[in-house]
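I opened the model to look up a few residues and write down what I found. The entries follow in the order in which I made them.

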Amino acid sequence: MDQLPRTKAASAINWSSWLPLRALVGWTPRDLNGDLIAGITLAAIAIPEQMATARLGGFAPEIGFFAFVAGSVAFALFGANRHLSAGADSTITPLFAGSLALLASSGSPHYLALAATLALMVGLIVMLSGVFRLGWIADLLSVPVTTGFLAGIAVHIIVSQLPGLLGLPAESGETVRRIGEIAGSLHLTNPWSLALGLGVFAIVLFSERISARIPGALIGMVLATAAVAVFGLKDRGVEVLGALPNGLPRAGSPLAGLDDVQALVPLALLIAIVVMVQTAATSRSFAPRGDAPDVNRDFVGVGAGSIASSLFGAFAVNASPPRTAIVSQSGGRSQLSGLIAAAIVLALGAFGGGLLADVPQAALAGVLMFVAQHILRWKVFASVYRQAPVEFALILITMAAIVVLPIETGVAIGIGLSLLHGIWSATRTLPIELEQVPGTSVWWPPAKPSAGEQLPGVLVAAFQAPLSFVNADRFKRGFCDLVDAGQGDVKLVVLEASNIVEIDYTAAQALIETITHCRNAGAIFAIARMESVRAQAALARFGIIDLVGPQRIFHSVDAAIRALHSGPPENQESAS
């Protein structure tokens, strides 16, 4: 009884662990130099990227700046990872841009209100998922499905940016139809726009090959802007951004109405899952040496970023693996580097809008083309194709669904495929008969070239998966078949349960029927090595301990055989 208060205390949320500025704990003035260099480098990378991402979503470039500032400041306050960069992200932007365009005209006040409302909803979902420690949600998408999802997003980005790259009128509608329209307009390509876009793409690509610290996107945009001014390319049909309005973001932007909120719920859930998957992957991949990743805390930081972004009329933000890598490689020591970058970007948005007047649209398209090829995981494609052909099909199906269907439908299909694949894998599990490794007390699955040994009258079998409704029938049938194959010679059946970490109601009934079948066949049934606390609790909850008998539950297979294989049960010593 004295354990109950401690159990409740352990399960309660420790609110003191959510104090702000955790990512700055342990910071000293000696870290300032590294953070300053990392912050300037991050700003140089983020400025063109955030402008391009905002354009990808149908927003004014300065909205991308506001999203970056909101994401950076909020994550510095509430996140845990010292390097993670949050802001506008090209992975989720096509997701919500395509869906919002079905509800309102791109760029209209209603469209902006929908985007801000969606950002608030996504932020609340992600933040609450972190508070209530739901980090496991990030594992809903398998690597093949995630790879297919990113490949489909890359296709969307490429198709959306081809008109800007080629100097053609912007297209709208379904992706496949847009590809056809672009192909039919290739003869109208503006060679100057194409040269600028490809030039920026090449500069970014080769800069990254040399060093990730080189701000290739910024260099490319500066050179492209200079070319527009020097050669008078605006008179040759090259479209430019035009001067951006100077000013700071204003809080209290209008949000959408209740009917719109209801319509946005499915989209918010899908985007929140994608944000959590990418945030978890980024947090785990770039955890500073000596720091354990705190995925739930980082969910809170990124979620708070989307909430802050919504309050300034911007859109949902996400963790960025490339920008996070930049901070890490540039010597960043804490989230102060993100705050420095945010200050630089905010200053540009507030006072430097005129500096961006001659930035060509094709240059932004070149940056996004680089982003698109960057998120195409070619090495994963090749590896999965060689090692897991069935899972390679998941990549292709998810990619096709994202490209051909509405994006939110494609994401839902991808999540469904990932879950179905996991369930399918669990349903393929069958009980296997173990053999004793010669000269030891170890029981192991049959392996060649060294054959194991079996004891007369003893069947030791294992089930290498959690017992649940998806595999309960295969467990029962497989186990009974092993017993029946002994043709009445089996006198002791030992379930080696080290891999059974959970037992649900359906599986418990199947286990009870299996025990009854063994007894009807004249065999004693015992359980060994059930290490999972949850599985042990299930045995008690479903009455299986009483059915088997506590004296027939053991810590090892060897102990079960010594106790039960020679001598009546009432004289046997339990090892439980």
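Entry one, a serine. I looked up Ser-468 and found a relative accessible area of 18%, so Ser-468 counts as buried. The cut-offs I used are under 20% relative accessible area for buried, over 50% for exposed, and partly exposed in between, with a 1.4 Å probe and protein chains only. Ser-468 sits in the loop between strand E6 (458-462) and helix H18 (472-485). Helices (H or I, at least four residues) and strands (E, at least two) are DSSP runs, numbered from the N terminus. Leaving out residues up to four places away in sequence, I found Ser-468 touching Asp-504 and Ala-507; contact means heavy atoms within 4.5 Å.

A note on the source. I am working with a predicted model, in which local features need pLDDT of at least 70, side-chain atom pairs count only at pLDDT 80 or more, and totals for chains, interfaces and linings use all residues. Residues are numbered from 1 along each chain as its sequence is written, and side-chain values use heavy atoms, with hydrogens and water left out.

Entry two, a leucine in a loop. Is Leu-188 buried or exposed? Leu-188 is exposed, because its relative accessible area is 51%. I placed Leu-188 in the loop between helix H7 (175-184) and helix H8 (191-210). Gly-167 is 21 residues from Leu-188 along the chain, and their C-alpha atoms are separated by 8.0 Å.

Asp-298 belongs to helix H11 (residues 295-311). Asp-298 is buried and has no salt bridge, where a salt bridge is a side-chain nitrogen of Lys or Arg within 4 Å of a carboxyl oxygen of Asp or Glu. Which side chain of opposite charge is nearest to Asp-298? I found Arg-297, at 6.5 Å. For charge, Lys and Arg count as positive and Asp and Glu as negative, while His and the chain ends are not counted. Not counting residues up to four places away in sequence, Asp-298 touches several residues, among them Phe-75, Asn-81 and Thr-279.

Entry four, salt bridges. How many salt bridges does the structure hold? I noted nine. One of them joins Glu-49 and Arg-323, with the closest N and O atoms 2.6 Å apart. This pair links distant parts of the chain, with Glu-49 in helix H2 and Arg-323 in helix H12 (residues 321-329), 274 residues apart. Glu-49 counts as buried because its relative accessibility is 14%. Arg-323 is buried too, with a relative accessible area of 1%.

I then looked at Glu-181 and Arg-177, whose side chains meet in a salt bridge (2.3 Å, N to O). Glu-181 and Arg-177 are four residues apart in helix H7, so about one helical turn separates them. At 28% relative accessibility, Glu-181 is partly exposed; Arg-177, at 40%, is partly exposed.

Glu-502 and Arg-534 form a salt bridge through their side chains (2.8 Å, N to O). Glu-502 lies in the loop between strand E7 (492-496) and helix H19 (505-520), whereas Arg-534 lies in helix H20 (residues 533-541), 32 residues apart. Glu-502 has a relative accessible area of 27% and is therefore partly exposed. I also noted that salt bridges with shared partners join Glu-496, Arg-529 and Glu-531 into one network.
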